[in-house]
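Reader: Hi, I'm new to this one and would like to be walked through it. Could we take it slowly, one topic at a time?

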Amino acid sequence: MKPNTGKIIGVSGNMVTVSVDGNIMQNEVAYIIKGDQRLKSEIVRIGDGVAFMQVFESTKGLNIGDDVEFSGQLLSVQLGPGLLTHIYDGLQNPLPDLAEAHGFFLPRGVELKPLDETAKWKFTPSVKAGDVVVAGQSLGFVPEGIFEHQIMVPFDLRGEFTVTEVAKAGDYTITDTIAQVKDEKGKSLNISMSFRWPVKLAIEAYKEKIVPVDPLVTQARIIDTFFPVAKGGTFCIPGPFGAGKTVLQHILSRYAQVDIVIVAACGERAGEVVELLREFPELEDPRTGKTLMDRTIIICNTSSMPVAAREASVYTAVTLGEYYRQMGLDVLLMADSTSRWAQAMRELSGRLEEIPGEEAFPAYLESRIAEFYERSGLVELHDGKVGSLTIGGTVSPAGGNFEEPVTQATLKVVGAFLGLSRDRANARRFPSIHPLESWSKYPTFVDDNEVAAARDMLQRGSDVGQMMMVVGEEGTSHEDFQLYLKGEFLDSVFLQQNAFDKVDAGSSKDRQQYVFAMVNRVLKTNFQLDDKEKARGFFNQLRQLFIDWNYIAMDDAEFKAQENSIDKLIKENSGNEESL
Amino acid sequence: MRKVYNKILSISGNVITVKASDVGYEELAEITTHRGKSLAQVIKLDGDLVSLQVFAGSRGVSVSDEVRFLGHPMQVTYSDNMLGRIFDGAGNPRDKGPQLADEMIEVAGPSVNPAKRIIPKRMIRTNIPMIDIFNSLVVSQKLPIFSISGEPYNELLARIALQAEVDMIILGGIGLKYDEYMKFKSVLEEGGALSRSIFFMNTASDPIVESLMVPDLSLAVAEKFALKGKDVLVLLTDMTNFADAMKEIAITMEQVPSNRGYPGDLYSQLAARYEKAVDFEGAGSITVLAVTTMPGDDVTHPVPDNTGYITEGQFYLHHGYIDPFGSLSRLKQQVNGSDSSRKDHRAIMDGMIQLYAQYIETEEKRSMGFRMSSWDQKLLKYGQHFKSQMMNLTVNIPLEEALDRGWQILADCFTSEETRMRTELINEFWPTNGK
Ligand SMILES: Nc1ncnc2c1ncn2[C@@H]1O[C@H](COP(=O)(O)OP(=O)(O)OP(=O)(O)O)[C@@H](O)[C@H]1O
Ligand SMILES: [Mg+2]
């Protein structure tokens, strides 16, 4: 079919209206031809002979009458080996390649190949002629870093296919044919190692979705022990500016125990991405001995890059995540910030003159947010393996007030709420997740009752703290004062974690369970401290010992020694330890 | 020769509409009215209807005035001869100097490829201890001063401009009061910095639409100089006026407002400007310091709020002091480590702030009538010293001297153990005349 063409009849911001006759479809990609530049755009609404398109580039200088070429394709990304370690913009343009070809600035109307088509991959077949396969099933694999990258039957193929031919083990490029299959009617199809998938459609080439229950170990104590995230689950991190959302996501992207991390820097500062770009290739992944970059893909559409591409970037990211999940891997996707994505939708909606909802966000904001998080999940694949895609998004609420549409819509659909607090950030209590307001629907790997008791202690301690502001220490009973000190103790030695200390930055599951038991022992002990000065002194000392303990590696001989000092101090100050 | 039109179909707010063909989006036009000439920019194309925002405002524009399209988008002069000169928001000289047309450059050009950025690592010394020690300014940083009217934010800006170690200064005035503008000029003149400065000045009595161009003009010129190897400091005051001007246009264009009348793209618009801050590898840099006044002293107001989400920290100017708590330079840790600064820098920064926080608590207790212990007395003394010798904005000393002064203040108020400083640093830096 000959591609459709049209002509521009209106321009307003990044919205262009185009008159067109032939068959066009919603979310189809079109190119505006401006000299040798091809400006990518997407149909977002169709009227009578008119396509409304959001342009992924600056519209400066466009004229009425400019030619538009429709592609017949939905907005899609290329899938295949070699995605890992890449840094893409929101439309899967490789940024380092663009930099090499065009220097400091992002050129307009240039599209580069997302994957290297000349690189050879060592293919090992896992099917033979005569095997019957369906979409998503593996035909073989190539090594990509430490992973066996599965070469799968393209996800858009419907029905069963019989393998007629498969390439011998050997080196191939992603465009070489590695298998031939025929469908039920006998029609032959060539399959290579790479294919495209439309980003706004979920990849569902698996057997079934299962309910996520296994904890995803993030190595952040306050998360894993108090507000856990499940593999295949969802969480959100709302917080006012400067509360620590981005730093927390960076910590998670380093320490989370997953196979693959996808970072979507969506409408935020370019400088923050640079830290990842420059540091990840230098940092070792303790699980694999390779660099962190080897398990990472960065989608980077920062705040000054075109806003329509920002809208697309989260879909690009989630599609790549779903792709690796299809291989039986655990993938963690983090988007910073989903509010910028929502704002991109708002800008577009305004240009389309849709009836606005609250704070001018479109009425479909909630369903879009829900759809996005719905693409997470734990799935059982056709071969029985299990893969997961966990999604975490930061939210940047206007005025830091969580009663706004994006935060509220997100809270309705996520499984864990890690709310950051301005007060905690100002007091440098990091990570600044609010321990009394946050919640999680997923199970933790420590005892539920113990966690509940610890939270209760925190609540009561905080109540006493509030009271003390009014009545002073003098007006507070010894028992209450001890409660207060215990709450503070739990906060400073367990909830807070030093991201800049090699050891403390990431706390393993074993370690968390071990340390939490010790913390609990302190919380439950009725200390013989009838003098407030003495009580404060004791808890200061205990806190110092614990914090130092946090800085000692578990396999270090010092670890046990420090534990003994803690034990000794507790015993010295408790009369009847187990009686509380 | 470009087409000339003599029929304006509608005038609404500062936006006019004409019927025209072959006009590019964001193209400029020149409108000749009985008041003179003004630039206008295309903000919407709808078939053969072209909407333009008129820089000088639409007041006095008549339907038969001449509209001549220029065939290019907004441009600005770029040349070394701009140094020491003052331009208006349309890019024309507002001093008595000659028109410059050496080289015209595009404004609001494309963004820098993130893959080309580098991790910032050079400190900009300002000789203001509250900045240099506690929240160091870093080359390529974008940082606003959050303040309210009446605070000396423009004085602070002028002082930083004068003392910062940069090659040149570009001052963008947006709705600036005339006397403030004159003050800037005389401060830079007296400090001998005028010859390395360029002004783009839109005062409160100048057309509002022109103020919208000021950040773009300033940053476009800054970018050119930076690519040529210059470290450029761009000062923008007041960005709240900029946001308000955008609000006005948005309302005229009947855009649905998102929050208190501001357009839904306020964040993207502000970010497009602030993100111009950059350190070009192998060339120069742009650092952006802006003033953002907070209507009603409310940091959750859309302008400071969106700004905070974009910039790399903020300085709060309160009661004439840079507030040590709310203020934050998010890039400071890149430069205050022992490699790029003195090795006691971080210790002094953390230690003095912690003690100051304790002083604030003590001050609260005192005002509530609680008994003051001897430790409290020490803190009270410390608080006073810290305010008068560090926070006071008239203090003007280099970083090293400020660090020495920090030790002296500590020694005047506390024993060395009470400061909880590491022994190694105490041995090296504790003043011999201290306790
Ligand atoms: N875990 C942490 N440990 C130490 N410092 C932290 C931590 N988290 C945040 N900070 C401090 O707070 C600053 C702001 O953090 P961050 O950039 O993550 O905020 P944010 O919530 O992403 O803000 P914005 O919404 O403006 O992007 C950091 O520059 C750092 O100084
Ligand atoms: Mg952030």
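This is a predicted model: local features need pLDDT of at least 70, side-chain atom pairs count only at pLDDT 80 or more; totals for chains, interfaces and linings use all residues.

Reader: Okay, contact between the chains, then: how many residues does it take from chain A and from chain B?

Author: Chain A contributes 60 residues to the contact, and chain B contributes 55 residues.

Reader: And what area is buried between chain A and chain B?

Author: About 4,700 Å² is buried between chain A and chain B, and carbon and sulfur atoms give 55% of that area. On the side of chain A, the residues that lose the most area to chain B are A:Lys60, A:Phe104 and A:Phe241, which together account for 19% of what that side buries.

Reader: How many salt bridges turn up across the interface of chain A and chain B?

Author: The rule finds two salt bridges across that interface. One of them pairs B:Asp265 with A:Arg351, whose closest N and O atoms are 3.9 Å apart.

Reader: And how many residue pairs are in polar contact there?

Author: Counting pairs with both residues at pLDDT 80 or more, the rule finds 28 residue pairs in polar contact across the interface of chain A and chain B.

Reader: Which elements give two or more residues to the side of chain A that touches chain B?

Author: They are strand 1 (5–12), helix 1 (95–102), helix 4 (270–279), helix 5 (307–325), helix 6 (338–351) and helix 10 (448–471), each of them in chain A. Helix 4 of chain A supplies the largest share of that side, with seven residues. Sorted by class, the side of chain A that touches chain B holds 26 nonpolar, 18 polar and 16 charged residues.

Reader: You listed strand 1 of chain A there; which strand of chain B is it joined to?

Author: Strand 1 of chain A is joined by two bridges to strand 5 (residues 36–46) of chain B, and the two strands run antiparallel. In this region A:Val11 stands opposite B:Leu45, a residue of strand 5 of chain B.

Reader: Changing topic to strand 20 of chain B: is it mostly covered or mostly open?

Author: Strand 20 of chain B, residues 285–293, is mostly covered, with nine of its nine residues buried. B:Ser285, B:Thr287, B:Leu289, B:Val291 and B:Thr293 point one way, while B:Ile286, B:Val288, B:Ala290 and B:Thr292 point the other way, and all are buried.

Reader: Where does strand 19 of chain B come in?

Author: Strand 19 of chain B forms a hairpin with strand 20 of chain B, with five residues between them, and B:Gly282 in the turn has a positive phi of about 80°. Two bridges join strand 19 (residues 278–279) to strand 20 of chain B, and these strands run antiparallel.

Reader: Last topic: what is the order of the open sheet of four strands in chain A?

Author: The order is 10-13-15-16, with antiparallel pairing. Strand 10 (132–133) and strand 16 (188–192) of chain A each have a single partner strand and stand at the edges, so one side of each is left without a neighbour in the sheet. Strand 13 (residues 161–166) and strand 15 (residues 177–182) of chain A pair over four bridges, and A:Glu165 has A:Gln180 in strand 15 of chain A as its bridge partner.

Notes. Residues are numbered from 1 along each chain as its sequence is written. Chains are lettered from A and ligands numbered from 1 in the order in which they are written. Side-chain values use heavy atoms; hydrogens and water are left out. Contact means heavy atoms within 4.5 Å. Buried area is the accessible area (1.4 Å probe) that two parts lose on being put together, summed over both. A salt bridge is a side-chain nitrogen of Lys or Arg within 4 Å of a carboxyl oxygen of Asp or Glu. A polar contact is a pair of N or O atoms within 3.5 Å; within protein, one must be able to donate a hydrogen and the other to accept it, and residues adjacent in sequence count only if both atoms are side-chain atoms. Ala, Val, Leu, Ile, Met, Phe, Trp, Tyr, Cys and Pro count as nonpolar, Asp, Glu, Lys and Arg as charged, and the others, Gly among them, as polar. Two strands pair if DSSP finds at least two bridges between them. Buried means under 20% relative accessible area, exposed over 50%, partly exposed in between (1.4 Å probe, protein chains only).
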